[in-house]
Amino acid sequence: MKSLLKRGFNQLDALFSKAFTPQWNPLYQLGGLSFFYFWIVAVTGVYLFIFFETSIGGAYSSIEQISHSQWYLGGVMRSFHRYASAAMGVCVTLHLLREFAMDRYSGPRWFSWVSGIPLLWLLFASAIGGYWLVWDQQAQFIAILTSEWFDWLPIMVDPMASNFLNEAALSDRFFSLLVFLHIGIPLTLLLGMFIHIKRITGARSAPARGLAAGTLLAMLVVSLWRPALSQAPANLDIAVTEVGLDWIFLNPYLLISNWGPGQAWAVLVGFSSVLTILPWLPSRRKKQGPVAVVDPDNCNGCGWCLADCPYEAVSMKEHDYKVGHKQSVVNPDLCVSCGICAGACPSSSPFRHVDELTTGISIPELHIKDLLALTESRLEALSGEGPRIMLYGCDHGSDVQRYQSDRVAAISMPCSALVPPAFVDYVLRKELADGVMISGCCEGDCHHRLGNTWMDQRFSMERMPVLRTRVPRDRVRLRWLGAQGTRQLGREMEQFASELGDESAAESVQVVEVKHG
Amino acid sequence: MADIRRYLAQAALYAVFLLPLVYFTHLPTYRHLEPDLAVLKIAIRHAGAIIGECTALTAEETAALPPNMRHAQDCPRERSPLELELLLDGKSLYQATVPPSGLHNDGISSMYRRLEVPAGKHQLLLRMNDDVAAQGYNWQLEESVDLQPAQVMVASFKEGFRLE
């Protein structure tokens, strides 16, 4: 199921990236979009609250008043409020499915996964509370089934459903309580969302500006075209027979209505429990390698690994023995062994005058000296005619091993950002290869969150360690095509090889001309 | 030209996302109650009779108590559960024993039940025993009712059964 989901997402990714560009691709920022929708709901909710009357008669009529007498503002606000909350529900569900499909929920990532489960309950509770406040037929349906659902729990002494027996039993105070809950639960949700992203560096809590603008525009069009409206007013003396239902948030009510409260609790709590323990269930995914190790002899305390670690697994402390110096420390509970820290370390340079290359921080699975040895041995083994290419890739992006040949040396690793820019310089300067290509996950959707972003910045000299200016840029390619882009990578590599071939041909012609001159 | 095509594609994808979303926020409708049914709700909140009698304390027993807690009688606190039964046209629709609340079973017995019944004329019999010392049902209401489709009728108890 997971691989099927992953394939589905990969195909959608390609489609959305084509239409939106990778920077605006909504599938790469489902979390950020969820935050954005939350803020839309919050802002519009504040406006609606100004006009809302917390009484039996006033609740429905005040909402109707807002919707009809000021349709151009209050009505639009109400539609934004409803549609943004529904969109948040969809985005959150897609976010959960995507993280599951892409295997981004286990190991040190368990915290974000597990902390997200209660957020689902809070999100549903927030949305249901909102529908309840309108006090129309749907609200009546929700009120009775919710109270019967809670009454099933043995903790309830007085049945909650007794408050909704008939019109005479209903109290104005109930709406005050509902408003309190409809503000309190979303605030708790916001706190939970903050905790959810607490453990990760540079969490994306807002979408790209262009995507946000497009989203607002699309929602405005939809709100004007099909404004959110109430159904017939609630009347507890007459049972709800047929009701227009929000199938996004009110689907648990189908369980309660058809299977009864007990089974609904069993299904919902059971499903949430399975989701919660998912990170620890046996899986066929590749086991994570041992965590990064710091070598105090070679750590100069620059802090570049701290700046680049996407999981906040690196911190600094006083150096073990160099007075006045800092030293990196790895938190094994947070490290996912991606190796981005090794790529960031200034000591990971093959130009260093040492007998055996070593570095300040590296992952045991692919130590920087092993990466160098592998690079050299694979390149030396190339025997084909034409330009030789060093192809680095990551285990989560395009399948680079497929292109290993007598002209291409391919190495795959946990994250492409493990490759220090100095390696590219080294390979070209020592003429071990004619060109270097680095591929990985799609732009904006790195499996290790920020690997390809850091690589882009390092190679464009915006982030340390930079690719030195002496490296001919036309001999280097960074391509973030993802797992779905393996074939395209092959095509682009052929193109790269052809460009490199043209260039060397041109160079040899120049040399010949000089000789004859 | 490429930009226009891209923006059109974006508009199409926004539509693909938002149109089903707008549709599913209120449609398709869900049938919660068949049109030929009515609803009968029973909601009882009533304290059953105390089980047992008060017994007079002897002078020695009273003297053994702290001065501020001395009573002439020792009274039990436990209350009787409610034995409830609803019959519609002679057929038992609901029968339950509702225990008193509280750690010492000395609180009020509360219950709620929603029943869907065919609309139309019915002979309704609601009976209850709230005292374990009494034989059979010591509270009863028998009434002929004519329920309209989707009508909600509530049976409650306050010094006797009431139908609303």
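This is a predicted model: local features need pLDDT of at least 70, side-chain atom pairs count only at pLDDT 80 or more; totals for chains, interfaces and linings use all residues.
Student: What share of the residues in chain A is buried?
Tutor: Buried residues make up 53% of the 517 residues in chain A. Buried means under 20% relative accessible area, exposed means over 50%, and partly exposed is in between (1.4 Å probe, protein chains only).

Student: OK. How many helices and strands does chain A have?
Tutor: Chain A has 16 helices and nine strands. Those are DSSP runs numbered from the N terminus, helices being H or I with at least four residues and strands E with at least two. The C-alpha trace of chain A spans about 105 × 55 × 40 Å along its principal axes.

Student: Tell me about a sheet. What's the strand order?
Tutor: In chain A, four strands make an open sheet in the order 7-6-8-9, with parallel pairing. Strand 7 (408-413) and strand 9 (476-480) of chain A are at the edges with a single partner strand each, so one side of each has no neighbour in the sheet. The twist averages 15° from one strand to the next.

Student: What counts as pairing?
Tutor: Two strands pair if DSSP finds at least two bridges between them. Strand 8 (residues 435-440) and strand 9 of chain A, for example, pair in the parallel sense over five bridges. A:Gly440 stands opposite A:Trp480 in strand 9 of chain A.

Student: Which helices pack on that sheet?
Tutor: Helix 13 (residues 368-380) of chain A packs on the sheet and touches strand 6 (389-394) and strand 7 of chain A; its direction makes about 155° with that of strand 7 of chain A. Helix 14 (residues 421-429) of chain A packs on the sheet too, touching strand 6, strand 8 and strand 9 of chain A, and its direction makes about 150° with that of strand 8 of chain A. Contact means heavy atoms within 4.5 Å. Axes are lines fitted to C-alpha atoms, for helices over the stretch in contact, and angles run from 0 to 180 degrees between N-to-C directions.

Student: Switching to the surface: which residues make the nonpolar patch?
Tutor: A:Trp71, A:Tyr72, A:Leu73, A:Leu217, A:Leu220, A:Val221 and A:Leu224 make a nonpolar surface patch of about 730 Å². Helix 4 (71-101) and helix 8 (209-225) of chain A are the elements that give two or more residues to it. The largest share, four residues, comes from helix 8 of chain A.

Student: Is A:Leu220 buried or partly exposed?
Tutor: A:Leu220 is partly exposed, with a relative accessible area of 34%, and it lies in helix 8 of chain A.

Student: What about chain B? Where is B:Ser156?
Tutor: B:Ser156 is in strand 10 (residues 152-157) of chain B. B:Ser156 is buried, with a relative accessible area of 9%.

Terms used
Residues are numbered from 1 along each chain as its sequence is written. Chains are lettered from A and ligands numbered from 1 in the order in which they are written. Side-chain values use heavy atoms; hydrogens and water are left out. Patches are made of residues with over 30% relative accessible area and no salt bridge: like charges are joined within 9 Å, nonpolar side chains (Val, Leu, Ile, Met, Phe, Trp, Tyr) within 5 Å. Accessible areas come from the Shrake-Rupley method with a 1.4 Å probe; for residues, only the protein chains shown count as cover. A salt bridge is a side-chain nitrogen of Lys or Arg within 4 Å of a carboxyl oxygen of Asp or Glu.
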